Amino acid sequence: MKSFFKSLKSFIKETDTILILLCLLTSAFGSVAVLSATQYTITDDSRFTRSFLVMVTAVALGLIAAVIISIIDYQFIMKIAPLIGVFCIGIMLFTLKFGVGPIERPDAKTWLTIGSTGLYFQPSELVKVGFIITFGTHIEKIKDNINHIFSIIQLGIHAVIPIALVIKSGDMGSALVFIIIAIVMLFFSGLHWGYFLGGGLIWLASLPLIWMFVLGTIQKERILALIHPDLYPDILYQQTRGLAAIAGGGLVGQGLFQGIYTQQGAVPESENDMIFSVIGEEFGIIGCIAVIVMLTSISIRIFRTGKHDIVGNTKVMCHGVSSMILGQAIINIGMCLKLLPVIGITLPFFSSGGSSNFCLYLAIGLVLSFYRYNQQRDIIDVKLDSIDNPFK
């Protein structure tokens with residue numbers, strides 16, 4: 001028993017408990033919001049909704065997985081990065097073949113069914129974490145020559161493969177997140193600004209091709225709806241309702257389980273893409289600010305872990321995880337405020353969904369491993385009093 005408590009004490013000492021507590025607190029807030037958003041669906045004597053139970057279970061399993069990953073030396077994780085990359089490509093190809101899409105997008109291949117449980121898993125969420133590992137490992141291997149054109153071509157191909165597979169599956173939202181992660185990781189790896197300028201110009205020049213050959217009809221309509229709202233009232237219905245819910249919350253909100261729009265199910269996907277509208281309506285502006293502060297605090301904490309990197313090969317991966325969280329948050333909140341088109345990006349730690357919440361904690365576990373194995377260990381004072389010294 002003594003040995004157990006000693007090991008537990010050592011584990012807590014070497015773990016970023018502040019990050020863990022921040023994540024759990026944020027997930028708790030998100031879970032309560034999801035419960036409120038789906039409360040109106042309860043038709044029997046159940047106290048909790050299915051979405052709430054799935055989310056809580058995913059967070060619990062994710063936390064266990066995060067603790068296990070944190071114990072593993074990240075150097076080992078980086079060594080098996082090629083295997084992780086092969087697995088990520090394999091699971092995306094499998095999804096393209098056997099995956100299913102949401103009701104409104106039957107042509108998409110974004111989810112895998114989990115047996116006969118009625119549950120679904122979204123592989124792109126797992127691939128995000130795998131991409132951060134493989135891309136970060138790749139950058140580390142060529143960091144001394146990162147500004148050479150051949151290195152840029154290699155990294156470009158590396159990034160394009162998962163982005164192309166995700167776009168092919170019909171998940172444009174996740175593809176955008178991959179792009180954000182790649183850009184941020186390259187920026188903090190020391191890539192010359194000229195490449196970003198060149199990439200930006202190429203992107204601008206290719207916009208007509210992206211519009212014609214990459215974006216589907218629904219994506220085009222969602223963009224056009226923000227420019228000409230009078231012509232696409234049906235397309236903006238979800239965002240209009242969500243924004244009205246946020247406006248109705250005022251400063252302090254209407255109270256938990258008291259939101260008029262929320263409790264009537266008036267905002268489509270309020271527990272998922274539009275969870276920010278639930279928080280705005282029931283917790284008010286104060287609740288919205290709390291969400292932003294929580295997510296920013298988590299991202300800063302992860303950023304600090306990379307900043308204290310001793311060896312020098314985990315910094316960009318920390319930035320990758322941080323950019324994934326902040327990038328998704330900015331896009332999701334912008335979408336809920338009708339500043340950006342709806343593209344199906346969840347709000348980290350708040351939106352319902354087992355895949356997103358579980359995989360998010362896998363990324364947190366990776367950061368915890370960086371934190372643990374980048375610490376300066378105390379020097380052990382070994383005294384050899386029992387050995388005779390012949391040179392006295």
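In which loop is the place of Glu-271, and which residues is Glu-271 in contact with, leaving aside its neighbours within four places in sequence?

A: The model is a predicted one, and in it Glu-271 sits in the loop that runs between α12 (260-263) and α13 (275-307). Leaving aside its neighbours within four places in sequence, Glu-271 makes contact with Val-34, Ala-37, Thr-38, Ser-51, Ser-351 and Ser-352. Glu-271 is buried and yet takes part in no salt bridge, since the nearest side chain of opposite charge, that of Arg-50, is 9.8 Å away, whereas a salt bridge requires the nitrogen and the carboxyl oxygen to be within 4 Å.

Another salt bridge brings together the side chains of Arg-372 and Glu-14, at 3.0 Å from N to O, and it links distant parts of the chain, with Arg-372 in helix α15 (residues 354-373) and Glu-14 in helix α1 (residues 2-14), 358 residues apart. Arg-372 counts as buried because its relative accessible area is 6%, and Glu-14 is likewise buried, at 18% relative accessibility, given that the limit for this class is under 20%. A further salt bridge is formed by Lys-143 and Glu-140, whose closest N and O atoms are 3.3 Å apart; here Lys-143 is partly exposed at 38% relative accessibility, and Glu-140 is partly exposed with a relative accessible area of 22%.

Leaving aside its neighbours within four places in sequence, Leu-295 is in contact with Thr-26, Ile-325, Ala-329, Leu-347, Pro-348, Phe-349 and Phe-350. Among these contacts, Leu-347, Phe-349 and Phe-350 belong, together with Phe-135 and Ile-302, to the residues that touch the most other members of the largest nonpolar core, which has 83 residues. Helix α14 (residues 315-336) gives the most to this core, with eleven residues.

Conventions:
Residues numbered from 1 in each chain as written. Predicted model: local features only at pLDDT ≥ 70, side-chain atom pairs only at ≥ 80, totals over all residues. Heavy atoms only, no water. Helix = DSSP H or I, 4+ residues; strand = E, 2+ residues; numbered from the N terminus. Buried < 20%, exposed > 50% of the residue type's maximum accessible area, 1.4 Å probe, protein only. Lys, Arg positive; Asp, Glu negative; His and termini not counted. Contact = heavy atoms within 4.5 Å. Core = buried A, V, L, I, M, F, W, Y, C linked by side-chain atoms within 4.5 Å.
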